[in-house]
Number of protein chains: 2
Amino acid sequence: MLDRIERIRRRKPVIREERITLAHGAGGKATHTLIEAVFLEAFRNPLLAPLDDGALLRAGDQQLAFTTDSYVVSPLFFPGGDIGDLAVNGTVNDLAMCGARPVHLSAGFILEEGFAVADLRRITDSMAAAAEAAEVAIVTGDTKVVQRGKADGCYITTSGVGLVEQPVTLSAARARPGDAVIVSGPIGEHGAAIMLARDDFGIEAPIRSDTAPLHGIVRELLAALPSHVRALRDATRGGVATVLNEVARSSEVAVVLQEEQIPVRPEVTGVCELLGLDPLYVACEGRFVTVVDGEHAGQALDTLRSHPLGEGAAIVGTVAAAPAGLVLLRTAFGGTRVVDVLVGDPLPRIC
Amino acid sequence: MLDRIERIRRRKPVIREERITLAHGAGGKATHTLIEAVFLEAFRNPLLAPLDDGALLRAGDQQLAFTTDSYVVSPLFFPGGDIGDLAVNGTVNDLAMCGARPVHLSAGFILEEGFAVADLRRITDSMAAAAEAAEVAIVTGDTKVVQRGKADGCYITTSGVGLVEQPVTLSAARARPGDAVIVSGPIGEHGAAIMLARDDFGIEAPIRSDTAPLHGIVRELLAALPSHVRALRDATRGGVATVLNEVARSSEVAVVLQEEQIPVRPEVTGVCELLGLDPLYVACEGRFVTVVDGEHAGQALDTLRSHPLGEGAAIVGTVAAAPAGLVLLRTAFGGTRVVDVLVGDPLPRIC
């Protein structure tokens, strides 16, 4: 096992493929390699380097967070949401994960010729409702149209500016042995809802996307534990497994999960079993992972559970010193396995 | 003629089409209708309402500008530039047009499965060089991949944050009778270069895109005339004609252009004649239009001409009280015609 661990830890960011594959957009190993080998290599600068959900900037006496995400989810409409509220909530959540109060959003639309104006209105209405719920304003935008067959209806890129009103130091690199790992609710619902909405599998189950704005619950967590929250990450592409691998690597620690403590709704477990997926890798759009000082884990959990978006929060694991860089899962049967970063893309265009 | 003028002035923003057409992305009349009838309607807020190149925000003691643009130019590589430097310069220029110093950029990539990694590197290298030239940092980003046939190689959405360091009041609504209208150099080169690069017409001509960062020349103009510049607009989609129609409508003035004073390189004139296009509607990516107090027009022109990106600047017209809302062109032969906003899209995917 040690050889394998060393091999995993020593991976260099080299792109072996000559062409982009769906895996490069999956948020897992290939995405990371692409980012490190191409984007970081070209754009290298101290603000980009941490590769957190957004960049922290200074403007006069004010610290800002700045973030962007493109949305290419398919289908555009799904149980629990659509590309519009997903695009607003996603950017709101990236700002929240930086400890910022989301304030201003931009929206860039790439529309395919022939897209129904009624569908566009449905999407913009959904964005407006999500913006109102998240207390942000969409203040600037852009629209481009491409010919039929050069897009898939509608793609949206939202960027956001948030204010860091209370200085916090959050980073995937701050986890320490003894810390607790908490998820804010049952995992995998967004990804499972999208899969079912595609209707490729003929499975029906009452699963809705968990898309939601997380700035409120994060604000309460940071207010309750201003100096004991180490890291916050929303568990989107690549799911909880991918977030925790980032924590393990950046902090050079081990994350040890207890399988039976991971909250997954039975419908999601059922769909994942049918499709051969592990819920740990399935995207959420309204759940986050936080690493907190172990002594304050109970207080963190109580705070989360007192918020409507955190009712199903659970402590799912702990941080250990070794094996550094790895995520381990203690199974219900007493075994242990490595939860590696996502390879390939089992669920393209989940967001 | 007055009936026609009244008809033009009274247009209401109603979308008659049930489906999106390429004209909705052309920057002309259909784009404006789409923005007003769908986006403004849904997102209505005081910062979005002015529909300038970016939104002006306050953060602590600092005024910020925030802007976004999606780039879908085809082909991705063309004489004088590529989608990468276009995306950086375009957002830098939108910030400059707000009177802001561009500082931070984000970049969201939508890649098509099968896109060559070597082309992506070429694009990111070009973005890095453009960012360095414009003294901005690309601090955050995102990558999505869609299946073959669901994009066209690579789309990029850049957003930007700039600092307004010297308070200025710039708006397309501030033009007054007696003001002068200046363009910063020969027009239509970007659009003409893209058309030729598509190679649909079998025309060859030595035309390169004018893509360039305009923050430096704008800074010099604003430093020389801190209180006499009314409006700044980069003349991208829809060209100079579209910008001036915005000025005429927003300010409720007439803009009167002198055809023989409009700088157009002979190669561009030639290509436009062959293709039946009017250079006034052809996109630039490194030229801007400014409206300045008529008494300071000479000083503004001297300032622009002393900068390498403004060597070909020219006073092209004046602002008059009537007919309010219209752009008129006095032709070389002594005639006058209305320069209406762009209808349809003669040049899809120019940026």
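The model is predicted, so local features need pLDDT of at least 70 and side-chain atom pairs count only at pLDDT 80 or more, while totals for chains, interfaces and linings use all residues. Residues are numbered from 1 along each chain as its sequence is written, chains are lettered from A and ligands numbered from 1 in the order in which they are written, and side-chain values use heavy atoms, with hydrogens and water left out.

**A sheet in chain A**

Let us start with chain A. Here, helices (H or I, at least four residues) and strands (E, at least two) are DSSP runs, numbered from the N terminus. Two strands pair if DSSP finds at least two bridges between them. Five strands of chain A form an open sheet with mixed pairing, in the order E1-E2-E7-E5-E6. At its edges are E1 and E6 of chain A, each pairing on one side only. From one strand to the next, the twist averages 20°; axes are lines fitted to C-alpha atoms, for helices over the stretch in contact, and angles run from 0 to 180 degrees between N-to-C directions. E2(A) and E7(A) run antiparallel and are joined by nine bridges. Within E7(A), Gly162(A) is the bridge partner of Ala65(A).

**A sheet in chain B**

In chain B you can find an open sheet of seven strands, again with mixed pairing, ordered E9-E11-E8-E12-E10-E13-E14. Strand E9 (229-234) and strand E14 (336-338) of chain B are its edge strands, each pairing on one side only. The twist averages 25° from one strand to the next. E9(B) runs antiparallel to strand E11 (residues 288-292) of chain B, and five bridges join them. Thr290(B), in E11(B), is the bridge partner of Leu232(B).

| Helix of chain B | Strands of chain B it lies across | Angle |
|---|---|---|
| H6 (residues 215-224) | E9 and E11 | about 175° to E9(B) |
| H9 (residues 297-305) | E8 (180-183), E11 and E12 (314-320) | about 10° to E8(B) |

**Where the chains meet**

The size of an interface is often given as the accessible area lost when the parts come together. Between chain A and chain B, about 6600 Å² is buried, with carbon and sulfur atoms giving 66% of that area; buried area is the accessible area (1.4 Å probe) that two parts lose on being put together, summed over both. Chain A brings 78 residues to the contact and chain B brings 78 residues.

Six salt bridges are counted between the two chains, each a side-chain nitrogen of Lys or Arg within 4 Å of a carboxyl oxygen of Asp or Glu. One of them links the side chains of Asp152(A) and Lys150(B), at 3.9 Å from N to O. Several elements of chain A each supply at least two residues of the side that touches chain B, including helix H2 (29-43), helix H4 (117-133) and strand E6 (137-146). E6(A) gives the most to that side, with 10 residues.

**Backbone details**

A cis peptide bond joins Ala322(A) and Pro323(A), with omega about 0°. Pro323(A) sits in the loop between strand E12 (314-320) and strand E13 (327-330) of chain A. In chain B, the peptide bond from Ala322(B) to Pro323(B) is cis, with omega near 0°. Finally, Glu135(B) is a residue other than glycine with a positive phi, near 60°, and Glu135(B) lies in the loop between helix H4 (117-133) and strand E6 (137-146) of chain B.

Methods: Contact means heavy atoms within 4.5 Å.
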